[in-house]
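This report goes through a protein model part by part. Please look at the sequence and the structure below, then read on.

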Amino acid sequence: ERTRILFVCLGNICRSPLAEAIFREETRRRGVEQRFEIDSAGTSGYHAGCAPDRRSVETAQGRGVTISGTSRQITEEDLHRFDLVIAMDADNYGEIDQLKAAADGVARIHRLREWDSAGDSPDVPDPYYGGPGGFGRVHEIVERCCVALLDDLISRREAA
């Protein structure tokens with residue numbers, strides 16, 4: 001059975017598509033991609049239908065990761081379809097939790113930095129209004145957390 005994971009940020013153009021792409025690439029690298037269904041969404045519809053932010057795309061490409069897709073807003077259905085909904089920050093988490101309650105959803109909600117060994121903050125910062133250095137820092141955080149999340153999911157599956 002596949003584990004269904006939805007990564008969520010505010011607009012679904014910077015952090016969550018990056019997390020989706022990094023997690024997808026890591027599952028491919030390890031040969032476990034068939035065990036997962038991976039997607040991303042935003043808590044807002046500000047950028048619905050838009051491509052990922054070019055700065056996020058360029059930063060990822062420079063590190064061997066391809067980001068694709070178009071932005072979409074999280075739906076009540078997502079909270080029934082996905083096993084895990086991974087929020088990038090406290091605001092995202094709060095909005096997802098409210099939507100889950102309204103939808104009587106079953107997905108487990110977490111913040112991505114729950115899997116961060118550095119743990120200097122519980123939130124993945126939003127690089128949208130910052131400079132290019134912010135996108136590099138966010139990439140490092142998201143990559144570190146996605147690798148740890150995948151490690152955790154694989155070890156739980158093997159232990160079951």
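## Salt bridges

The model contains 20 salt bridges, a salt bridge being a side-chain nitrogen of Lys or Arg within 4 Å of a carboxyl oxygen of Asp or Glu. The model is predicted, so local features need pLDDT of at least 70 and side-chain atom pairs count only at pLDDT 80 or more, while totals for chains, interfaces and linings use all residues. Residues are numbered from 1 along each chain as its sequence is written, and side-chain values use heavy atoms, with hydrogens and water left out.

In one of the salt bridges, the side chains of Arg113 and Asp120 meet at 2.4 Å, N to O. Arg113 is buried at 7% relative accessibility, whereas Asp120 is exposed at 54%. Here buried means under 20% relative accessible area, exposed means over 50%, and partly exposed lies in between (1.4 Å probe, protein chains only).

## A link across the sequence

Arg144 and Asp116 also form a salt bridge through their side chains, at 2.6 Å, N to O. Arg144 lies in helix 5 (residues 132-159) and Asp116 in the loop between strand 4 and helix 5, so this pair ties together parts that are 28 residues apart in sequence. Helices (H or I, at least four residues) and strands (E, at least two) are DSSP runs, numbered from the N terminus. Arg144 is partly exposed, with a relative accessible area of 31%, and Asp116 is buried at 9%.

Asp152 is buried, with a relative accessible area of 19%, while Arg156 is exposed at 55%.

Strand 3 pairs with strand 1 (residues 3-9) in the parallel sense over four bridges; two strands pair if DSSP finds at least two bridges between them. Ile86 in strand 3 is the bridge partner of Phe7. Strand 3 also pairs with strand 4 (residues 108-111) in the parallel sense over four bridges, and there Arg108 is the bridge partner of Leu84.

## A buried glutamate

Glu20 sits in helix 1 (residues 15-30). Is Glu20 buried or exposed? Glu20 is buried, with a relative accessible area of 12%. Leaving aside residues up to four places away in sequence, Glu20 touches Phe7, Ile38, Asp39 and Ser40, where contact means heavy atoms within 4.5 Å.

## The largest pocket

The residues lining the largest pocket include Leu84, Arg108, Asp152 and Arg156. On a 1 Å grid over the protein atoms alone, a pocket is an open set of points where a 1.4 Å probe fits, with protein on both sides within 12 Å along at least five of seven lines; lining residues have an atom within 4 Å of a point. Strand 4 and helix 5 each supply at least two residues of this lining. Helix 5 gives the most, with four residues.
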